[in-house]
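Me: I've got a fold on screen and want to talk it through. Can you take my questions as they come?

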Amino acid sequence: MTRKQTFLLVFCVIFFFGLLSVSAQDKSIKKHTTLIQPDYLKAGDTVVIVAPSGILKGRTGEIDQAKRLLKSWGLHVVVGKHVFKQNNHFAGTDEERCEDFQNALDDSTISAIWCARGGYGTVRILDKLDYTKFREKPKWIIGYSDITALHNQVHNEGFESLHALMCVSLTKDLKGLEETVATFKDAIFGKPISYTLAGSKYNRAGKVTAPVVGGNLTLLHTMLGSETSIDTSGKILFIEEIGEYKYHIDRMLQSLKRAGYFNNCAGVMVGDMSKMRRNTTVWGSSTEQLILDVLAEYDFPIVFNVPSGHEEDNRALILGRNVEMNVAKEQATLRFLE
């Protein structure tokens, strides 16, 4: 074999395996240009309450309140068989929590799956779920925090989902939750959703229209490297968090950045960063500035003060839906498009 032939052979081998590597990388994240919207709810439809994460010890009052709220809107309610089970940290064993969620996915009479609470545990059942029947009759999956894992998975299956309050967020008289509950109702019944946000000196001005994806930062970070990680190309990334140190926020954002999460992002929406913990070594800047510092090399708009996350005012966000985001220092607007 001549030197030229040897060179050509080596080149072809490298090129071939390079293609295989790119192909494998593309397959690791499912990409859908247009997501399917589950049918909006109407009076007479049925919502199932499930608990895919933490235990609901002593939370029967909140579940009863959730049932009353849905019934007041003309909806029927069923509660998963294992919702009040306890298995150490979790609302039942992985198998029990998975069974409730799988039954909800498969049941064609169900129009929405409302998660009772977050906490931790959803990631343990992700790979056990089968979406075959869900694809035939898609339904809204509702929740936030730990439920971000399910939002990511459903997004990669090609469907919209709803980042909104959960059952344990409810109080007896709903005081302080008026906007939270109203936007939740508007979202599931298909009414227009738009928000005018308080200005922030940290806002990076700009206007963009793109699908919104994301959720809890810890969960987005947890999904990296798996089939449940989302492709943020051409999309607006929403993040929120609770109970973290600033250095850990920075660590997670740096990890996402190194993984290429922001390379082709259309924008970033920053929700509530709640109950931030104090480290013995002072970080030296605000959480807002921390985020801006990580994203300094990108030119997409960034909006703060999005009222969504672990606070009473937790407005509904339709994940996977196009949102028109108009950001200025003085004020910002978000308008979800039909």
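Predicted model: local features only at pLDDT ≥ 70, side-chain atom pairs only at ≥ 80, totals over all residues.

Me: What box do the C-alpha atoms fill along the principal axes?
Reply: Taken along the principal axes, the C-alpha atoms fill a box of roughly 80 × 45 × 45 Å.

Me: What share of the residues counts as buried?
Reply: Buried here means under 20% relative accessible area. The accessible surface of the chain is about 15900 Å², with 51% of it on carbon and sulfur atoms. Of the 338 residues, the buried share is 52%.

Me: Of the contacts between residues at least 6 apart in sequence, what percentage joins residues at least 24 apart?
Reply: The chain has nine helices and 13 strands. Among contacts between residues at least 6 apart, the percentage joining residues at least 24 apart is 79%.

**The cores**

Me: Which residues have the most contacts inside the largest nonpolar core?
Reply: That core has 53 residues. Take Ile142: leaving aside neighbours within four places in sequence, its contacts include Ala112, Cys115, Leu165 and Ile188. Apart from this core lies another, of 26 residues, with Ile230, Ile239, Cys265 and Val294 among them. Back in the largest core, the residues with the most contacts are Trp114, Ile142, Leu162, Phe184 and Met269.

Me: Which strands stand at the edges of the six-stranded open sheet?
Reply: The order is β2-β1-β3-β4-β5-β11, with mixed pairing. Each edge strand has a single partner, so one side of each is left without a neighbour in the sheet. Those edge strands are β2 (76-79) and β11 (317-319).

Me: What is the bridge partner of Val47 in β2?
Reply: Strand β1 (residues 46-50) runs parallel to β2, and four bridges join them. In β2, the partner of Val47 is Val77.

Me: What angle does the direction of helix α3 make with that of β3?
Reply: Helix α3 (residues 94-106) packs on the sheet and touches β1, β3 (110-115) and β4 (140-143). Its direction makes an angle with that of β3 of about 155°.

**Enclosed elements**

Me: How many of the 11 residues of β7 are buried?
Reply: Strand β7 (residues 206-216) pairs with β12 (residues 322-327) in the antiparallel sense over six bridges, with Ala210 opposite Val323. β7 also pairs with β8 (residues 236-242) in the parallel sense over five bridges, and there Val212 stands opposite Ile236. β7 is largely enclosed by the rest of the structure, because the number of its residues that are buried is eight.

Me: Which residue takes a positive phi just after α5?
Reply: In helix α5 (residues 148-157), 10 of the 10 residues are buried, so the helix is largely enclosed by the rest of the structure. Among those buried residues are His151, His155 and Glu157. The residue just after α5, with a positive phi of about 100°, is Gly158.

Me: Which elements do the buried residues of α9 pack against?
Reply: Helix α9 covers residues 287-294, and its buried residues are Thr287, Leu290, Ile291, Leu292 and Val294. They pack against β8, α8 (246-258), β9 (267-274) and β10 (302-303).

Notes. Residues numbered from 1 in each chain as written. Heavy atoms only, no water. Core = buried A, V, L, I, M, F, W, Y, C linked by side-chain atoms within 4.5 Å. Buried < 20%, exposed > 50% of the residue type's maximum accessible area, 1.4 Å probe, protein only. Contact = heavy atoms within 4.5 Å. Pairing = 2+ DSSP bridges. Helix = DSSP H or I, 4+ residues; strand = E, 2+ residues; numbered from the N terminus. Axes fitted to C-alpha atoms, helices over the stretch in contact; angles between N-to-C directions. Areas by Shrake-Rupley, 256 points an atom, 1.4 Å probe, with all protein chains shown as cover.
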